[in-house]
Amino acid sequence: VVRPAASAGDTVAVDSVGLTTRFGERVADTTLAFSYRSSRGGRHDVRLPADVQVKSVVADGKTLPLRPTGGVLPLTLVPGQHTVSLQFSAGDGVGVVSRPPQVDLGVEGTNVNTTLTLPRDRWVLAVEPSATMRAQRPPGAAPAIDARAEALPLDDPSAPDRLAVPF
């Protein structure tokens, strides 16, 4: 019996990703959960922001004693279909602009869902330059303004002084 040569291509596929960030006044708590299929095992690095504090890493329901080094969290993937969940915190609470943390799974993911939870005194303002798309927004969706995100002065250090958002 002769083993066939390996086919070219990725050995890991990420089937779903959920990133949920809850912003508090001083801290943002995030849960990253993903399911993957792997045709062969081995080390796989997940890149997190360097300043996060990892609270837990759970793979297939088992807690793993892992912590990132320099923003790199080394996972050992095993063949088959599996789930991984990470919980971590960052010291960047809610601000004028609040974004989810930048996470790199090292492979393309599908079925990606990002959820941001803001304090009660904050709300989401969507930016939509297309009148057609604004008209198609579902009832109950966040309000949308006629603008382009790139044109908003939110990266300007004086933005908090110039931006007024009524609550």
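At 23% relative accessibility, G18 counts as partly exposed, a class that lies between buried (under 20% relative accessible area) and exposed (over 50%), computed with a 1.4 Å probe and protein chains only. The model is predicted, so local features need pLDDT of at least 70 and side-chain atom pairs count only at pLDDT 80 or more, while totals for chains, interfaces and linings use all residues. Residues are numbered from 1 along each chain as its sequence is written, and side-chain values use heavy atoms, without hydrogens and water.

G18 belongs to strand 1; strands (E, at least two residues) are DSSP runs numbered from the N terminus. Residues up to four places away in sequence aside, G18 touches T31, L32, A33 and N113, where contact means heavy atoms within 4.5 Å.

T21 counts as buried because its relative accessibility is 0%. Beyond its neighbours within four places in sequence, T21 contacts A28, D29, T30, P100, P101, T115, L116 and T117.

## Nonpolar core

The largest nonpolar core contains 20 residues, and L32, F34, L48, L75 and L86 have the most contacts inside it. Such a core is a set of buried Ala, Val, Leu, Ile, Met, Phe, Trp, Tyr and Cys residues joined through side-chain atoms within 4.5 Å. Two or more residues each come from strand 1 (12-23), strand 2 (28-38), strand 4 (53-59), strand 6 (72-77) and strand 7 (80-90).

With residues up to four places away in sequence not counted, L86 touches T30, T31, L32, V46, L48, S56, V57 and L73.

## Aromatic pair

The structure holds one aromatic pair. It is formed by F34 and Y36 and is tilted, at 6.4 Å centre to centre and 45° between the planes. Rings of Phe, Tyr and Trp (its six-membered ring) pair if their centres lie within 6.5 Å; planes under 30 degrees apart are stacked, over 60 edge-to-face, and the rest tilted. Both F34 and Y36 are buried.

## Surface patch

W123, L125 and I145 form a nonpolar surface patch with about 230 Å² of accessible area together. Patch residues have over 30% relative accessible area and no salt bridge; nonpolar side chains (Val, Leu, Ile, Met, Phe, Trp, Tyr) are joined within 5 Å, like charges within 9 Å. A salt bridge is a side-chain nitrogen of Lys or Arg within 4 Å of a carboxyl oxygen of Asp or Glu. Accessible areas come from the Shrake-Rupley method with a 1.4 Å probe, and for residues only the protein chains shown count as cover.

L125 sits in the loop between strand 8 (112-117) and strand 9 (126-127). Its relative accessible area is 37%, so L125 is partly exposed.

Conventions. Helices (H or I, at least four residues) and strands (E, at least two) are DSSP runs, numbered from the N terminus.
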